[in-house]
Amino acid sequence: MASVREFGKALSQPFGAPAAALETFIEVPFMIGERRVFPDGLIRATRGSRSWTALVEVKTGTNALEASQLEDYLDVAREHGFDALITISNEIPGMIGAHPTAVDKRKLKKVALHHFSWSEILTAAVVQKEHRGVADPDQAWILGELIRYLEHPKSGAMSFEDMGASWVPVRDALSAGTLRASDKGVAEVASRFDALLRFAGLRLGRQLGSEVLPALNRAEAADPAARSARLVSELVKDGHLRGGLRIPGVVSDLEVIADLRANTITASFSVDAPKEGRPTTRINWLVRQLKEAPDGVRVEAVPVRSSTGPAELLGRVREDSAVLVPPSGRDIKTFVVTRSVPLGAKRGSGRGTFIDSMLTAIDCAYSEIGQSLKAWSATPPKLRPTQVVETEPGIDSSLPSAALSSQDND
């Protein structure tokens with residue numbers, strides 16, 4: 001962070017640091033009463049008369065942050081007038097801005113508590129080096145070495161690797177029809193699903209060079225508890241875990257549904273149908289955009305004043321676009337294009353796991369559908385041609401009745 005100025009700013013400025021070169025220190029000793037404590041790092045940015053300072057605590061591998069240790073560091077920061085405590089670990093909170101460790105909120109009155117997952121650190125490094133750029137070649141090399149280190153399997157900066165201990169019991173109870181919203185572990189599964197969705201967004205963002213965020217409505221963004229309650233309710237009632245990703249420049253949010261009863265994960269994009277032309281013309285407009293999509297992709301044509309419509313596999317639609325024409329005769333309002341993959345049952349990472357199947361569904365949906373779809377735009381109206389019309393011989397062209405009209409050519 002100190003050596004690569006652009007990278008340091010990308011990580012520190014969202015937390016309130018001024019746009020200045022960073023000073024960094026490791027294992028600075030502090031006293032709390034009779035005890036000596038050693039935060040892993042200290043970061044300081046100074047610009048003019050303004051100074052911003054943050055302590056840093058780091059965990060790698062499966063090590064989790066400890067509330068008592070963080071509270072000690074919050075006390076140190078408050079005593080010395082520091083601005084923040086930043087934590088880094090492999091824990092990924094389900095909601096942006098949330099912290100994976102619960103601490104005494106009274107200690108946060110004067111000191112801010114922020115968190116980075118290692119996936120976020122890696123994403124920020126890749127986006128800065130590969131997409132935004134680093135001005136100094138030596139600094140770019142340094143950042144490249146950090147990326148190389150973090151991507152190594154033995155670095156301790158892991159990817160998302162486990163759906164948690166409650167995953168299997170919750171799935172078994174759902175299959176048996178005995179799952180209840182109050183059961184132990186249901187809320188944990190919902191939280192892990194949101195965390196996996198965030199990880200998938202970070203992973204996709206590294207490849208695109210864009211910030212891919214969870215797609216939340218205003219109520220869910222303002223109240224994480226409401227989001228969790230909805231996930232739990234849908235899981236118990238329908239066996240679904242539902243979420244979305246917001247990708248810059250794409251026609252719609254990417255909606256992801258994990259159906260634990262049908263053992264299927266679907267990832268879909270929606271696009272408004274053209275507002276002119278026959279139904280088959282509108283359908284063919286969509287099919288032309290899906291040249292790279294496999295025949296097994298599902299296409300649904302939703303008519304106006306309806307929530308569902310005719311649906312067929314893309315291969316069938318390519319043969320006969322009329323199969324998607326609504327029998328009601330209503331105009332097609334929206335197309336929904338969906339990619340499905342089998343849902344893995346295992347809780348960990350790797351082949352045959354839920355994590356792998358979810359990441360595969362998202363990657364395939366974006367590469368085969370999302371990056372190809374474009375919104376329809378109307379053809380601009382053309383000017384009517386005007387030609388000089390000769391008056392009949394013998395008529396005085398200065399007479400008012402001889403003035404030309406746009407209708408003279410009709």
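Let's start where α3 passes α4, in a left-handed crossing. The two axes come within 10 Å and cross at roughly 145 degrees. On the α3 side, the contact is made by W118, I121, L122, A125, V126, Q128 and K129, and α4 answers with A140, L143, G144, I147 and L150. Sorted by class, that contact has nine nonpolar, two polar and one charged residues. Keep in mind as you look around that this is a predicted model.

Helix α1, residues 5-12, meets α3 at an angle of about 135 degrees, with the axes 10 Å apart. Angles over 145 would count as roughly antiparallel and 65 to 115 as roughly perpendicular, and α1 and α3 are therefore oblique to each other. This crossing is right-handed. E6, F7, A10 and L11 of α1 make the contact with I121, A124, A125 and Q128 of α3. By class, those residues divide into six nonpolar, one polar and one charged. If you compare the residue lists, I121, A125 and Q128 of α3 turn up in the contact with α1 and also in the contact with α4.

Is E120 buried or exposed? Its relative accessibility is 18%, so E120 counts as buried. What does the side chain of E120 make a polar contact with? The partner is the side chain of R198, at 3.1 Å. Setting aside neighbours within four places in sequence, E120 is in contact with H115, R198 and L202.

From α6, the contact takes in F193, L196, L197, F199, A200, R203, L204, Q207 and L208; from α11, it takes in F354, I355, M358, L359, I362, D363 and Y366. The class count here is 13 nonpolar, one polar and two charged residues.

G329 and Y366 are 37 residues apart in sequence, and their C-alpha atoms are 32 Å apart in space. G329 itself belongs to the loop between α10 and β14. With 59% relative accessibility, G329 counts as exposed, since the cut-off for that is over 50%.

A157 and G61 are 96 residues apart along the chain, yet their C-alpha atoms are separated by 6.2 Å. At 19% relative accessibility, A157 counts as buried, because the limit is under 20%. Beyond its neighbours within four places in sequence, A157 is in contact with N90, W118 and L150. Two of these bring us back to the opening, as W118 of α3 and L150 of α4 both belong to the contact between those helices.

Next, look at helix α9, residues 279-289. Which of its residues are buried? They are R282, I283, W285, L286, V287 and Q289. Among the elements covering them are the strands β11 (264-272), β12 (298-303) and β14 (332-342), along with helix α10 (314-319).

E27, in the loop between β1 (22-26) and β2 (30-32), has a phi near 45 degrees, a positive value in a residue other than glycine. E27 is partly exposed, with a relative accessible area of 49%. N263 is also not a glycine, and its phi is positive too, about 55 degrees. You'll find N263 in the loop between β10 (254-259) and β11, and β11 is one of the elements that cover the buried residues of α9. N263 is partly exposed as well, with a relative accessible area of 36%.

Key: Residues numbered from 1 in each chain as written. Predicted model: local features only at pLDDT ≥ 70, side-chain atom pairs only at ≥ 80, totals over all residues. Heavy atoms only, no water. Contact = heavy atoms within 4.5 Å. Helix = DSSP H or I, 4+ residues; strand = E, 2+ residues; numbered from the N terminus. Nonpolar A, V, L, I, M, F, W, Y, C, P; charged D, E, K, R; others polar. Buried < 20%, exposed > 50% of the residue type's maximum accessible area, 1.4 Å probe, protein only. Polar contact = N/O pair within 3.5 Å; in protein donor to acceptor, adjacent residues only side chain to side chain. Axes fitted to C-alpha atoms, helices over the stretch in contact; angles between N-to-C directions. Left-handed = near helix turned anticlockwise from the far one by under 90°. Parallel < 35°, antiparallel > 145°, perpendicular 65-115°, else oblique.
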